Amino acid sequence: MADSHGLLAGKTGVISGALDPNSIAWALAHAAHREGARFVLTNAPVASRFGQLDELAEATGGSPIIYADATKDGELADLFTQSTEALGGPLDFVVHSIGMGMNVRKGKAYEELKYEWYLKSLDISAVSLHRMVRAALETGSLSDGGSVLAMSYIGAQRIFSEYSEMGDAKALLESIVRSFGYRLGRRGIRINAVSQSPTRTTAGGGISGFDAMYDFADKVAPLGNADAASCADYCVTLLSDYARMVTMQTLYHDGGFSAMGISDALVEQMTGQAIHEDA
Ligand SMILES: NC(=O)c1ccc[n+]([C@@H]2O[C@H](COP(=O)([O-])OP(=O)(O)OC[C@H]3O[C@@H](n4cnc5c(N)ncnc54)[C@H](O)[C@@H]3O)[C@@H](O)[C@H]2O)c1
């Protein structure tokens, strides 16, 4: 783990989406704590059954836990009202690390999407970002100069086999980032999406062919796949004042994958021949 640089000293926020130690938000909460932030942890009420958040709350200095379904406006309003009360005033950051593809999970092909599930997937994975930011604004819970972050994937721009409806959800998520970014800019608040490498988490593992997507990206990216801990380190810089002029962006945290075409490693795998003598 990296050393603390106090990047978030004195800052407060809400971090959603930590389900278990594999979650990207779990690593992010550890990194934010290391950098001096205080925050509320939130997840869907159903996540309380697993009880793992208690462990994270304790490890991050007794962070309050407030459960809220990110598709329910009333619960989100309560989340932000209670968070500002618990942390002593408006928040400096909000992290959206939420996603679920119902059709993906249930193995329904893109051509045969069940629309009820599709709309639910878009609501959980994308519209919930709009709902969260709106609830934070309507309850007066976001400080001027604050930072909002959402987690995305390059499936928003390109097709990755069975990523299916989640590609649509991420495209919508990134569009909401831009649409809100324009409006939040008036108050110096920024909002960005971090487009992360395939990462072995509960949400990631729900995608059929995930291991192949993971291995492919790992072979193509010059730095290999970025893990959750490195993602967390990058995210804390975006929550800090050092990134105060960055907004409305999809920022790739993927070891260089998004700028690549084909790598030697992949050519070698396909041809069965080494490109370099010393390879
Ligand atoms: N794992 C990957 O390969 C990968 C890659 C790029 C981006 N992402 C994104 O990162 C984010 C975090 O996912 P993860 O990979 O850490 O998996 P994860 O399963 O650990 O996290 C997903 C979280 O969403 C929460 N959630 C689901 N429905 C909710 C609801 N209605 N209200 C509130 N919370 C709800 C879950 O409880 C869980 O904590 C997601 O947006 C995901 O799409 C993941």
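A nonpolar core is here a set of buried Ala, Val, Leu, Ile, Met, Phe, Trp, Tyr and Cys residues joined through C-beta atoms within 7 Å, where a residue counts as buried if 20 or more other C-beta atoms, placed from the backbone, lie within 10 Å of its own. The model is predicted, with local features requiring pLDDT of at least 70 and side-chain atom pairs counting only at pLDDT 80 or more, whereas totals for chains, interfaces and linings use all residues. Residues are numbered from 1 along each chain as its sequence is written.

**View 1. The largest nonpolar core.** This core has 72 residues, and those with the most contacts inside it are I15, A18, L28, A29, A32 and C235. Its largest share, eight residues, comes from α1, helices being DSSP runs of H or I of at least four residues and strands runs of E of at least two, numbered from the N terminus.

**View 2. Surroundings of L28.** Leaving aside neighbours within four places in sequence, L28 is in contact (C-beta atoms within 7 Å) with I15, V95, S97, A232 and C235.

View 3. In α9, A228, C231, A232, C235, V236, L238 and L239 are buried. Seen down the helix axis, the buried residues of α9 fall within an arc of 155° (taken from the directions from the axis to the C-beta atoms), so they line one face of the helix. Their cover includes α1, β3, β4, β5 and β6.

**View 4. Strand β3 and its partners.** In β3, six of six residues are buried. V14 has V94 of β3 as its bridge partner, while V95 has L149 of β4.

Notes:
Buried ≥ 20, exposed ≤ 12 C-beta atoms within 10 Å, placed from the backbone. Contact = placed C-beta atoms within 7 Å. Pairing = 2+ DSSP bridges.
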